[in-house]
Each structure stands twice: as structure tokens, then as C-alpha cells.
Amino acid sequence: YADYALWQREHLRDGVLEGELAYWRERLADAPALLELPTDHPRPAVQTFRGANERIELPLELLERLQALGRSEGATLYMVLLGAFQVLLSKYSGSEDIVVGSPVAGRTRKEIEETIGFFVNTLVLRTDLGGDPSFREVLRRVREATLGAYEHQEVPFERLVAELQPERSLSHSPLFQVMFALQNAVERGVALPGLEASEVGAELASAKFDLSLMPKATAQGLRVGLNYSTDLFERGTVVRMLGHLARVLEQVAADADVRLSRLELLGDAERALVLEAWNRTEAEYPADRCIHELFEAQAARMPDAVAVRFEEESLTYRELNARANRLAHHLRGRGVGPEVRVGVLMERSVEMVVSLLAVLKAGGAYVPLDPGLPAERLAYMLDDGAVPLVLVQAAQRGAVPAREGVEVLAVDALAERLAAEPAENPAGGAGPDSLAYVIYTSGSTGRPKGVMNAHRGVVNRLAWMQAHFRLGADDVVLQKTPFGFDVSVWEFFWPLQQGARLVMARPDGHRDPAYLRDVVEREGVTTLHFVPSMLQPFVEAVEAG
């Protein structure tokens, strides 16, 4: 072997190595750095090489048809199986540019066939599956790629990596992350006088790559083993993957002219599960009720429980319902009814909760207007939303852009007039399919767009949340999301429909982790929402406190 190593170094001089490398540079130019397969777990920052194995046995009749397909196209069983595997990877990843690695024996000369030593090299096999080709065409492309790679196999893999200099990562191998290795070594049984020997399978608990497919033709059929990274995949996923590969092989063996888009991965049972069983999501919910009606029912059940709290101010369910009713009757007198959009421009407060409920009770739809938005943005929302009326706190009146036909009403300055309005729930008004609110998007990709939601959709969502998370009368929910974001919808209305206590964070309190920590502890908050970027500072504030 030492003589071979010396010969190899001499052989790759005088331009031979450069010619080999030129082929690989062209063949792998702009190849994808990572095959993005759907995994069960996020890829770890550092590859651990923990793995496991699964396998299936395919019938001899299928193996013979696959071999016959290869012969008809001047291809080997290796090429047929590699093509089918790359097709499967393409369907899983959504990519038409599939790169896999494959070991090669490296014994290309008769003189070294009997030499003891490690001659194995690794080839990088890239196949273009673009254009929705037939499998017959795929097989031709695979044959061309494989023969080209074998012709230029003398470049050691580590030398190829050094030459191409792919972006390196501790989380995955360079150039390819999936291996294909046909196990076609000739089996020589152990024959010793007086001794019977049989093969004992050894369970491999490691994985060098994300996936390594290892098919083997036997006298009984085709044995297909799949070694996989347990950091990425669950066993059930790998079992399904092998089943999908078997379906691909069956289909191409039956019709090599089938186009890739026509290949079916799902069997009858799995198709029924995905398309039918998993889509049976119907559930009972109060589809005939509106958001505010569910709150009214809760107010009738537990009128003296605290409904909302802001700083030192609290309202019971009876008090909150009565205040919202009086404002709703007043809004009715000003023409608010179904499909009428009412702007609410307020800081977070008890008046905000009262106003949102009052708009819904009157039959209208609220349009949240953040006082911190630029005047131009507010003016656009008023015009685009066709808002005829804006509810404000007296201190925020000046923040409303002057628009013709838009009336501004300061809720906290109407105490005497509202005291004369009925405290009973308004009759009629909105129905389940009536508009409940219009929330505008950020506009980061263009002009802001008003997203419209009806009562029925919100009631359905809140019923789902209750079924899964079970909010109760002892729970305390912190409302801290700016009401121009849809998360605020469940923060407002879910607790009020379930008899829980709604705690309003102070204006801009959602930006202050230390304040949030204190209010959670002081109020006994049990339920709150965080975006990931804010959760970490909050956890740090809790640990520091």
C-alpha cells in the first residue's frame, strides 16, 4: 500500500490533478451547500453523530424489474436505485438540484486488486431534476453524472473540499449531507471444518450523515437500509420515508416514462389519513354567538368578580358590562351599527376595554389606531377604512388627523351624558358574520392593508384556545400587546369570556422587562404572551430580580 500511495502522488502530478479538479469545479459550480429536508427537530449547531437504522425488504419480483429497467437503458442497478432515491429527496426538499455522496472502491487497476489497504474514496453525485422529466430521462442524467464522476474519481475527497472551499459548518458535512451506498460486495461464507457460521446483524448507533441509504440485492429480493441522524429525524419519519421510496420504485418499475410530477408518495392508508382523518377538525363551538354576547353571558353568571384591572382601577363584570352598554347605546344614537367602522385611538386603559366592547355591542367594528403612529399613517387608515367616528381619551384628541366627515368623541369627557343611557345590553346589532374589527398590517412590504375579521372567526379561535389551554375564573391574563396587533384580540376577549381577570399593562409597559416582572408578581398573572425577542430580556429580568 505504501508503494501505491507513492505512485498515486507521482501520478497526480504534471497536470493530471489539475485536469481532474477542473472537471469537479465545473460539475459542482453553484451547487447547493445544504439539502434542506423537512426534519422533526432543528439541526443542532454542532453535529453529534448520534444515529439509528431502519430497513425494509422489497420482493424479488420488484428487484428483477428494476434490474431489467437498468439493462434497457444501459444502466446498472446502482444507477436505478440512486435515481429513485434522488427523486425522493427532490420531492421531500422541493429542490431540483440534488447532491449526494457515494463511496467508491478505488481499485481501478488490476495490479491493486489483491493489495491490502484502504483505497476507498467518496464521490459527489449531482443530478439536475428540473423540467419535470420522466424517470427514464432521470436515469439517463444519473448515468451521465455517475460515469463522469467515476472517470474523475482519483481526486481524494479531502483534496476536493480544500479546492472548492465550501462554507464550512459544524452542523453538517461539506458538499453533501446524504449518502448512497449500494452493498454489492460478494459474500463469501465462513467455511471451517466442524463449524457452522451465520451472519449476525449489528445495530449501528451512529450516523455520519443526515441520511445514508444502503440497498442490497439478495436472493430473496431487495433489502434497503436507512441510517439516519436521530438529532434530526424520528423513527416514524424514517419508516414513512422508506415506504415512500418503495412506492417510487414500484411506480418507475411499472412505467419508466412516468413524469416526476405524477409520482405518488402516499399509499391509500396514508392518503386517507392525511386528506381525510387529519382534516376532520370540525368541533362544536358557539357559532351563533358574537364576541360581546359571550362576555355578557359571563357577566350574568359572575357579576361581582373583577373583570378588568389597570393600575389602581378595577371594574367588576357587572360594572364593565354596564359602562360598555351605556357607551354602546350612545354610539347607536350616533349611527353606529353593523359594518360601521369606529376608530379607537387610546392608550392602554380601562376606557380602551370599555370602548372596544361598546363598539361591538353597538353592532360596529373597531379599528385600532395607535397614538404613537405618524399622522400620515393614521390619516391613511381613516381614509382607507372609511371611519366616520373615532373614540379617544381627552388627552389624545389632538392626535387624530383632521379629516372631513370624521367625528372625534372623547369617551372620558362624556360621563354625565353616558350616565343617562341605559345600562342594559343593547338588543339586535351585529350577527356572527358581521365585521368585528379591522387591523392594519405593518405595511413593511408596501401600503398597509386592513385585515377584516368577523365575529364567527374570532369566536371559533377563542373556543379552540379554551379547549386546548383551559382558562378558568382563577386565571389572570396580562394584556400587553399593542392593540394594533392581532394577538391583542385574544388577550382582550378570551379572559372576559371565561370569567378570568384581565390586567392591563401601562402604556409602553410591554417594552420594560423589569416592569413586566413586577406586574406579573404583583397581580398574580398566570397567562401572558411573548415574542421570542422579548422573552429573553423578561427571563433575565426575572432572574436578576
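Predicted model: local features only at pLDDT ≥ 70, side-chain atom pairs only at ≥ 80, totals over all residues.
Where does Ser-134 lie? Ser-134 sits in the loop between β3 and α5 (135-151), with helices (H or I, at least four residues) and strands (E, at least two) taken as DSSP runs numbered from the N terminus. Residues are numbered from 1 along each chain as its sequence is written, and side-chain values use heavy atoms, with hydrogens and water left out.

To stay with Ser-134 for a moment, this residue is buried, because its relative accessible area is 12%; buried means under 20%, exposed over 50%, and partly exposed in between, with a 1.4 Å probe and protein chains only. Leaving aside residues up to four places away in sequence, Ser-134 touches Ala-256, Asp-257, Val-258 and Arg-259, where contact means heavy atoms within 4.5 Å.

Let me turn to the nonpolar cores, each a set of buried Ala, Val, Leu, Ile, Met, Phe, Trp, Tyr and Cys residues joined through side-chain atoms within 4.5 Å. The largest of them has 73 residues, and those with the most contacts inside it are Trp-24, Leu-66, Leu-89, Val-124, Leu-211 and Leu-249. Helix α4 (residues 77-93) supplies the largest share of this core, 12 residues. Among the contacts of Trp-24, not counting residues up to four places away in sequence, are Leu-123, Val-124, Ala-149 and His-152. A second, separate core of 55 residues includes Leu-294, Ala-328, Tyr-437 and Ile-439.

Next comes Val-344, which is found in strand β9 (residues 341-345) and counts as buried because its relative accessibility is 0%. Its list of contacts, again without residues up to four places away in sequence, includes Ser-355, Leu-356, Tyr-366, Leu-391 and Phe-483. Val-344 and Val-408 are 64 residues apart along the chain, and their C-alpha atoms are separated by 9.7 Å.

Gln-47, in the loop between α2 (16-27) and β1 (51-59), is buried, since its relative accessible area is 17%. A polar atom of the Gln-47 side chain lies 3.1 Å from the backbone oxygen of Lys-208. Glu-57, by contrast, lies in strand β1 and counts as partly exposed because its relative accessibility is 45%. Beyond residues up to four places away in sequence, Glu-57 touches Leu-222 and Arg-223, and a polar contact of 3.1 Å joins the side chains of Glu-57 and Arg-223; such a contact is a pair of N or O atoms within 3.5 Å, where within protein one must be able to donate a hydrogen and the other to accept it, and residues adjacent in sequence count only if both atoms are side-chain atoms.

Finally, which residues have a positive phi without being glycine? Leu-175 has a phi of about 70° and is placed in the loop between α6 (157-164) and β4 (178-180), where Leu-175 counts as buried because its relative accessibility is 14%. Ala-386 has a phi of about 50° and lies in the loop between α12 (375-384) and β11 (389-392), but Ala-386 is exposed, because its relative accessible area is 55%.
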